[in-house]
Amino acid sequence: MQLSAVAHDYYDALRKSILFFEGQRSGKLPPDQRVKWRSDSALHDGSTAGRDLTGGYYDAGDNIKFGFPMAFTTTLLAWSIIDFGRNMGPELKNAVKAVKWGTDYLLKVTSTPDVVYVQVGDAYSDHNCWERPEDMDTLRSVYKIDGSHPGSDVAGETAAALAAASIVFRSRDPAYSRLLLNRAVRVFDFADRHRGAYSGSLHSAVCPFYCDVNGYQDELLWGAVWLHKASRKRKYREYVVQNEVILHAGDTINEFGWDNKHAGINVLISKEVLMGRAGYFESFKQNADDFICSILPGISHPQVQYSPGGLIFKAGGSNMQHVTSLSFLLLAYSSYLSHSNKVVPCGETTASPGLLKELAKRQVDYILGDNPLRMSYMVGYGSRYPQRIHHRGSSLPSVQAHPARIRCKEGSRYFLSPDPNPNVHVGAVVGGPNVTDAFPDSRPFFQESEPTTYINAPLVGLLAYFSAHP
């Protein structure tokens with residue numbers, strides 16, 4: 001079903017999608033903090049391990065810092081800037097700040113060689129309470145990987161984030177860029193030497209929340225690809241070529257998200273093939289073409305559905321993460337194809353760059369209100385948007401409005417209240433509607449009503465592009 005609505009203000013949506021990250025900040029907030037209902041929080045993170053692990057982002061509507069999705073968020077924010085920063089105008093500086101808030105934290109958690117601190121906060125303790133991050137009195141347990149307890153998945157993603165961000169800062173802050181790249185090299189080396197999934201040794205802490213279901217092999221390739229792009233050292237190119245089959249580059253190619261990097265790996269490498277610079281990567285381009293065909297309406301893989309209103313849908317909850325990340329790849333690949341005057345062969349048909357852009361744009365427009373409910377799924381954008389998002393800080397009165405502490409179970413009445421959240425979390429994109437386009441605007445329905453950083457990160461790039469090419 002094709003739905004057309006009023007023309008969207010993509011730049012306004014871009015501004016809001018970046019502002020969202022300020023509402024997710026943990027630690028000591030800077031003087032230029034724009035989201036005023038938030039205050040300092042988790043100022044002693046890491047103290048139980050004798051480390052300063054303050055800062056970073058809360059990944060969603062709770063108060064835990066999960067390293068795996070935080071690193072992926074940082075990688076995707078950096079990729080958004082690398083490919084579409086030229087379209088961001090005055091918002092580019094805020095997007096760069098959002099990346100740096102992530103990388104400053106990732107530098108802290110990787111400061112000791114062969115150790116990565118991958119989580120702060122006990123998920124069960126945290127999820128048992130409904131309280132503001134500023135009031136947090138739940139366990140702030142610290143979890144790490146090391147040589148005896150490997151985590152090539154989260155370490156590989158962390159290396160990818162540091163390497164991608166080093167490209168963002170290459171001309172803006174060369175010294176910081178070098179620091180990021182050198183750290184990425186060290187962390188990737190650790191990930192590769194000590195192979196294993198972090199949910200092996202940390203199962204009780206990270207599962208079922210950010211359990212590595214997909215294996216760590218894709219993160220090793222992903223980290224190597226970003227190091228290849230950032231360093232231009234032959235060793236990373238050779239690593240990618242030599243490990244393509246061993247690390248299963250062609251597996252599950254219709255997936256891209258915090259746990260599965262396969263489609264992203266193939267699209268990212270294909271740029272060099274399409275520019276005529278890297279014939280040795282040709283098989284990755286074939287994989288990227290197969291990925292595109294696997295998500296096209298009408299010929300898509302059984303795991304990729306479309307709702308009656310036209311939204312990409314994949315089973316497993318928080319569907320908007322798939323919508324934004326897959327759409328980002330459609331747009332990025334479309335740009336790479338355009339520059340080389342190529343199309344994607346899909347059996348009897350072909351997919352032009354214009355078709356890929358149109359499909360990505362349709363997904364973005366659905367998020368912004370072109371859908372059966374005529375509802376924007378970005379908080380604060382448009383006249384109708386989710387009012388009761390599953391987010392502790394947004395749903396509880398701010399410290400300014402209610403200075404007294406609101407303890408663990410005292411927050412339950414706010415969680416269960418039918419009233420709209422008192423703090424409008426501008427730019428937050430929620431998990432979204434189900435496969436029938438229905439959406440319960442209710443906090444307990446967290447798969448639909450909870451925002452996440454990794455929903456927004458690829459959306460930043462999409463909105464930047466469409467603000468310049470509406």
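**Disulfides, a helix, a sheet and an annotated site**

Cys207 has a relative accessibility of 5% and therefore counts as buried, given that the word applies to residues under 20%. The model in which this value was computed is a predicted one. Cys207 is joined by a disulfide to Cys211, with an S to S distance of 2.0 Å, and this partner also counts as buried, because its relative accessibility is 16%. The torsion about the S-S bond of Cys207 and Cys211 is about 70°, so this disulfide is right-handed.

The count of disulfides in the model comes to three. Another of them is formed by Cys129 and Cys408, whose sulfur atoms are 2.0 Å apart, and since the torsion about their S-S bond is about -90°, this disulfide is left-handed. Cys129 belongs to the loop between helix 4 (123–127) and strand 3 (142–146), whereas Cys408 belongs to the loop between helix 15 (392–395) and helix 16 (412–416), so the bond ties together parts of the structure that are 279 residues apart in sequence. Cys129, at 6% relative accessibility, counts as buried, and the value of 16% for Cys408 places that residue among the buried ones as well.

Cys293 and Cys346 also form a disulfide, again with sulfur atoms 2.0 Å apart, and with -90° about the S-S bond their link is left-handed. Here the bond connects distant parts of the chain, since Cys293 sits in helix 12 (residues 282–295) and Cys346 in strand 6 (residues 344–346), 53 residues apart. Both Cys293 and Cys346 are buried. How are the bonded cysteines paired when they are numbered in sequence order? The pairing reads 1-6, 2-3, 4-5.

From the disulfides we turn to the secondary structure. Helix 2 comprises 18 residues (67–84), which at 1.5 Å a residue should span 26 Å, and the C-alpha atoms at its ends are 25 Å apart, in agreement with that expectation. Is helix 2 mostly covered or mostly uncovered? The helix is mostly covered, with 17 of its 18 residues buried.

Three strands make up an open sheet with the order 1-2-3 and antiparallel pairing. Strand 1 (65–66) and strand 3 are the edge strands, each of them pairing on one side only. Strand 2 (residues 115–120) and strand 3 run antiparallel and are joined by five bridges, and across this pair of strands Val115 stands opposite Asp146 of strand 3.

The last stop is a site taken from a record. An unreviewed UniProt entry places the feature "active site" at His390, Asp441 and Glu450. These positions are spread over 61 residues of sequence, yet in space they cluster, the largest C-alpha distance being 10.0 Å. Which of these residues does the lining of the largest pocket include? The lining includes His390 and Glu450.

Asp441, another of the annotated residues, lies in the loop between helix 16 and helix 17 (446–449). Its relative accessibility is 19%, and Asp441 therefore counts as buried, although this value should be read against the cut-off, which requires a figure under 20%. When neighbours within four places in sequence are left aside, Asp441 is in contact with Met375, Tyr385, Pro386, Gln387 and Arg388.

Technical notes. Residues are numbered from 1 along each chain as its sequence is written. This is a predicted model: local features need pLDDT of at least 70, side-chain atom pairs count only at pLDDT 80 or more; totals for chains, interfaces and linings use all residues. Side-chain values use heavy atoms; hydrogens and water are left out. Helices (H or I, at least four residues) and strands (E, at least two) are DSSP runs, numbered from the N terminus. The expected span of a helix is 1.5 Å times one less than its number of residues. Buried means under 20% relative accessible area, exposed over 50%, partly exposed in between (1.4 Å probe, protein chains only). A disulfide is a pair of cysteine sulfur atoms within 2.5 Å. Two strands pair if DSSP finds at least two bridges between them. UniProt positions are given in the numbering used here, feature names are shortened, and annotations may be inferred rather than shown by experiment. On a 1 Å grid over the protein atoms alone, a cavity is a set of points where a 1.4 Å probe fits but cannot get out, and a pocket is an open set with protein on both sides within 12 Å along at least five of seven lines; lining residues have an atom within 4 Å of a point. Contact means heavy atoms within 4.5 Å.
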